[in-house]
Amino acid sequence: DARFSGRPITIWPTDGPLSDPEPTRFQKILLSTDGTVTELLSLHADAPIRARKVAQSLGTAAAPPVPGSAPHELILRRTILLGTGAGPELLFADSCFVFDRFSASIQHDLLHTELPVGLLWRRERLEMYREIIDRRRETCAAVAALLGTDEHATLYSRTYLIYYQQRALGVITEKFAATALR
């Protein structure tokens, strides 16, 4: 167990011992916040943050990834990278949403733009509740490559459920390199 902000957080390495520095205060904030990280990243980088869509699919899933969703409901899976455009990407985000629970304008923007979902919610003044369900320290060569770091680099991640009007809307996992955002 590691301790962030006085609360215990269980972190499991995925493939052997990891040698990385203790998370910085800012990294702990990213792992603990119940808000959108785009503005926090912008403040830290002292630059605007842009989203770059890496992958996206819309379809049904035999085992729906969002609690309370049914196999016949459309699930939008969206993978984006957040960065400044100068240097390596700062954060990887993989999300699954129950598509029909979004407004038509958010559905359109999710499919046809690269805007971060948190900014879309803010634009519509939606109040979301986020419940962090997992925090990890791990390695993942594919994500490390997208973040422009060594394939064996330690990554920190958090996974959270998003609720709107007391229903699960989606699940998001965000990852960043332990050596970044220091």
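Predicted model: local features only at pLDDT ≥ 70, side-chain atom pairs only at ≥ 80, totals over all residues.
**Entry 1: the largest cavity.** I counted 2 cavities of 30 Å³ or more.

Next I looked up what surrounds the largest cavity. Its lining has 16 residues, and those nearest the centre are Ile 80, Ala 93, Val 117, Ile 172 and Glu 174. Which elements supply at least two residues of that lining? I noted strand 4 (75-83), strand 5, helix 4 (117-123) and strand 8. By class, I found 9 nonpolar, 4 polar and 3 charged residues in the lining of the largest cavity.

**Entry 2: the second largest cavity.** I then turned to the second largest cavity, with a volume of about 40 Å³. Its lining consists of Leu 30, Leu 31, Val 37, Leu 91, Ser 157, Arg 158, Glu 174, Lys 175 and Phe 176. Helix 1 (25-32), strand 7 and strand 8 are the elements that give two or more residues to this lining. Which of them gives the most? I found that strand 8 does, with 3 residues. The classes here are 5 nonpolar, 1 polar and 3 charged. I also noticed Glu 174 on both pages: Glu 174 is among the residues nearest the centre of the largest cavity, and Glu 174 is listed in the lining of the second largest cavity.

**Entry 3: strand 8 and its partners.** Strand 8 kept coming up, and I looked at it next. How many bridges join strand 5 and strand 8? I found 6, with strand 5 (residues 91-98) running in the antiparallel sense. Within this pairing I picked out Cys 96, whose bridge partner in strand 8 is Val 171.

Strand 7 (residues 155-164) also pairs with strand 8 in the antiparallel sense, over 10 bridges. There, Tyr 163 has Ala 168 of strand 8 as its bridge partner. Strand 7 and strand 8 make a hairpin with 2 residues between them. In the turn I marked Gln 165, which has a positive phi of about 50°.

Entry 4: Is Cys 96 buried or exposed? Cys 96 counts as buried because its relative accessibility is 10%, under the 20% limit. Cys 140 counts as partly exposed because its relative accessibility is 24%. I also looked for disulfides, and the count came to 0.

**Entry 5: the largest nonpolar core.** My next stop was the largest nonpolar core, which has 16 residues. Those that touch the most other members are Leu 30, Val 37, Leu 41, Leu 82, Leu 91, Phe 176 and Leu 181. Helix 1, strand 4 and strand 5 each supply at least two residues of this core. Helix 1 contributes the largest share, 3 residues. As background, I jotted down that nonpolar side chains tend to be buried together in soluble globular proteins. Going back to the second largest cavity, I saw Leu 30, Val 37, Leu 91 and Phe 176 in its lining too.

**Entry 6: the whole chain.** I finished by stepping back. The protein chain has 5 helices and 8 strands, in the order β-β-α-α-β-β-β-α-α-β-α-β-β along the sequence. Of its 182 residues, 46% are buried.

How values were computed: Residues numbered from 1 in each chain as written. Heavy atoms only, no water. Disulfide = S-S within 2.5 Å. Buried < 20%, exposed > 50% of the residue type's maximum accessible area, 1.4 Å probe, protein only. Pairing = 2+ DSSP bridges. Helix = DSSP H or I, 4+ residues; strand = E, 2+ residues; numbered from the N terminus. 1 Å grid on protein atoms, 1.4 Å probe; cavity = no way out; pocket = protein on both sides within 12 Å on 5 of 7 lines; lining within 4 Å. Points joined across faces, edges and corners; volume = space filled by probe spheres on them. Nonpolar A, V, L, I, M, F, W, Y, C, P; charged D, E, K, R; others polar. Core = buried A, V, L, I, M, F, W, Y, C linked by side-chain atoms within 4.5 Å.
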